[in-house]
Amino acid sequence: MGTSRNLVNLSGVAKGYAARTVLDGVTLGIADRDRIGVVGGNGQGKSTLLELIAGAEPPDEGQVTRLGGLRLGVLDQSDRLPAGATIRAVLVGDRADHEWAADREFRGVLDGLLGGVTFARFAAGIDTEVEGLSGGERRRVALARVLLEHPDLLLLDEPTNHLDVEAITWLAEHLAARDGAMLIVTHDRWFLDAVCTRTWEVTDRSVHQYEGGYAAYVLARAERDRVQAAREERRQQLIRKELAWLRRGPPARTSKPRFRIEAANALIADEPPARDRTELLRFATSRLGDKVIEAEDVSYRYATSPVVRHVTWRLGPGDRVALVGANGSGKSTLLRLLAGELTPTSGRVQRGETVRLAHLSQQAAEIPEQRTVIEAVEEVKRRATLAGGEELTAGRLADRFGFRGERAITRVRDLSGGERRRLTLMRLLMSEPNVLLLDEPTNDLDIETLTALEDLLDHWPGTLIVVSHDRYFVERVADNVFALDALGGIRHLPGGIDQYLAEVGTSAPAPGPAGPGAGSGAAAKGVKPGAALRQARKDLQRLERELEALDERERVLHEAIVSAATDHERLVGLGAELDALVSERERLESSWLEVASLLEG
């Protein structure tokens with residue numbers, strides 16, 4: 001392996017806007033093999049950091065130096081595409097059709113993002129004008145352009161925005177196999193783990209650097225916080241001893257106190273499961289009864305175009321499910337049908353008498369512009385009660401969702417789009433619904449807010465249906481995954497998103513620089529042996545997490561079988577689900593043995 005070259009260096013860099021300093025005294029470098037994920041709260045300076053590195057913004061203090069001849073590929077959040085240009089002009093330029101169509105890498109990018117060489121996603125194919133494209137389509141074209149430029153350093157700001165789970169999985173696999181450095185700002189934690197080998201956290205005007213992807217960053221940050229807490233405790237002890245010395249006189253000299261830093265996994269050794277499934281189910285059943293939502297042979301069409309076809313879906317108390325499918329498959333339409341916002345073309349949707357439903361759609365909700373954040377939340381309710389009797393005030397909820405101090409009394413008219421979405425979500429939660437329909441709830445939320453939302457949902461008793469392309473969020477809050485296929489039908493996926501991707505023919509890369517089952521296959525493709533071993537260790541950890549999740553699903557399933565002992569029809573369905581789960585376990589265990597054998601070898 002050759003010597004790494006530093007492509008970009010920042011030395012003592014500071015940057016501010018008006019009276020607010022965003023970054024101060026930042027010193028860091030990017031080498032030619034770095035795969036760096038950038039995380040941090042909204043407004044902390046992540047995009048500013050990318051702009052400084054790209055040269056789009058000059059520093060107020062300090063220096064940014066770049067290697068001579070460095071080729072940068074930049075994807076910002078504005079998707080700047082030339083006005084009046086076609087997709088052909090943006091991606092192909094003057095290249096002849098036979099030339100770019102024969103280029104394997106070019107075809108790979110088109111297949112992953114734009115519907116292949118026929119550009120099937122677009123009405124006029126490659127000659128479609130970019131000006132008339134939707135935000136999601138423009139994003140795909142802009143991303144394809146950056147990838148096809150072969151830059152030395154990729155700078156990507158929220159590259160997964162507007163992409164469905166298949167496209168996100170393809171992009172992760174493509175970037176993991178790519179040579180060259182990359183710096184990626186994203187709130188998608190699964191994507192961070194799948195692609196990045198280092199993490200930068202932008203917070204408090206500084207940049208903290210960690211080895212590893214998101215999972216390693218969380219453990220390292222927890223260790224850092226624990227060490228800082230221990231230091232503060234020791235400082236307080238020294239102060240108390242000093243006060244005692246002033247009262248009693250100097251004591252005998254003692255040895256310096258020693259502090260043992262424990263392994264990161266000790267931090268979570270005694271941590272209970274995120275959710276008490278049994279207790280939440282008890283609360284949900286008492287609040288909802290037996291009937292929640294039942295869709296029977298439901299179909300829906302827009303004009304002459306059918307979207308949902310013959311869907312039968314029964315949701316019970318305490319069900320926590322995720323709904324996946326390609327963009328345009330009808331997921332949002334199905335949520336609106338379940339919520340009663342649309343009337344089925346055929347079939348019927350019935351809701352239980354005790355259902356109090358809240359629906360977070362992708363459209364912005366109307367909130368009085370003159371109210372403050374706290375007033376807008378208290379307008380719904382001042383206090384809400386969680387499972388177990390925990391009381392949540394509007395102020396505490398605002399604090400959890402990042403509206404602290406002066407931000408809590410900011411007028412709605414002065415909020416950004418992301419902040420308005422957070423406020424809408426807070427108002428929904430404060431209304432104490434017992435059925436929640438969340439359509440892309442992670443859009444515009446930073447990791448801190450996502451974690452707060454997940455923590456809140458852990459204690460929320462009710463039925464939850466979530467549509468999201470964020471795999472980490474789905475696996476964190478949902479117990480079961482259902483897919484809406486191209487024909488508008490729905491089916492249960494015991495194997496979760498991995499099963500869905502396998503069925504649609506998209507391989508799901510495990511966290512790390514190579515795809516699943518890397519091992520010798522990765523080495524054969526040119527991945528260095530050390531990288532292959534690191535990948536195998538990550539594969540093993542992923543498989544163990546999936547097996548643990550499978551154990552929990554099996555436990556819940558066995559409890560359901562016991563409780564349905566006299567319901568023959570339900571027993572048949574549960575038995576089929578258990579058989580599918582056993583098959584999935586065998587597949588995972590086989591993969592685990594294969595990866596474990598590789599590590600032993």
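Predicted model: local features only at pLDDT ≥ 70, side-chain atom pairs only at ≥ 80, totals over all residues.
Colleague: Which strands form the open sheet, and in what order?

Modeller: Three strands, in the order β11-β10-β13. The pairing is antiparallel.

Colleague: Which ones are the edge strands?

Modeller: β11, residues 305–315, and β13, residues 346–351. Each of these pairs on one side only.

Colleague: And what does the twist average?

Modeller: From one strand to the next, the average is 25°.

Colleague: How many bridges are there between β10 and β13?

Modeller: Five, in the antiparallel sense. Strand β10 covers residues 293–302.

Colleague: What stands opposite A295 in β13?

Modeller: V349.

Colleague: Which helix lies across β10, β11 and β13?

Modeller: Helix α10, residues 331–339. It runs at about 55° to β11.

Colleague: Switching to charges. How many salt bridges does the structure hold?

Modeller: It holds 31. One of them joins E369 and R420, with the closest N and O atoms 2.9 Å apart.

Colleague: Where do E369 and R420 sit in the chain?

Modeller: In distant parts, 51 residues apart. E369 is in the loop between β14 (357–360) and α11 (373–378). R420 is in helix α13, residues 417–430.

Colleague: What does R371 pair with?

Modeller: E379. The closest N and O atoms of that salt bridge are 3.1 Å apart. E379 is partly exposed at 38% relative accessibility. R371 is partly exposed too, at 28%.

Colleague: What about R407, which residue does its side chain meet in a salt bridge?

Modeller: E419, at 2.8 Å from N to O. This pair also links distant parts of the chain, twelve residues apart. R407 is in the loop between α12 (394–400) and α13, while E419 is in helix α13.

Colleague: Is E419 buried or exposed?

Modeller: Buried, because its relative accessibility is 12% and the cut-off for buried is under 20%.

Colleague: Last one. Which residues are linked in a network of salt bridges?

Modeller: R189, E454, D458 and R476.

How values were computed. Residues numbered from 1 in each chain as written. Heavy atoms only, no water. Pairing = 2+ DSSP bridges. Helix = DSSP H or I, 4+ residues; strand = E, 2+ residues; numbered from the N terminus. Axes fitted to C-alpha atoms, helices over the stretch in contact; angles between N-to-C directions. Contact = heavy atoms within 4.5 Å. Salt bridge = Lys/Arg side-chain N within 4 Å of Asp/Glu carboxyl O. Buried < 20%, exposed > 50% of the residue type's maximum accessible area, 1.4 Å probe, protein only.
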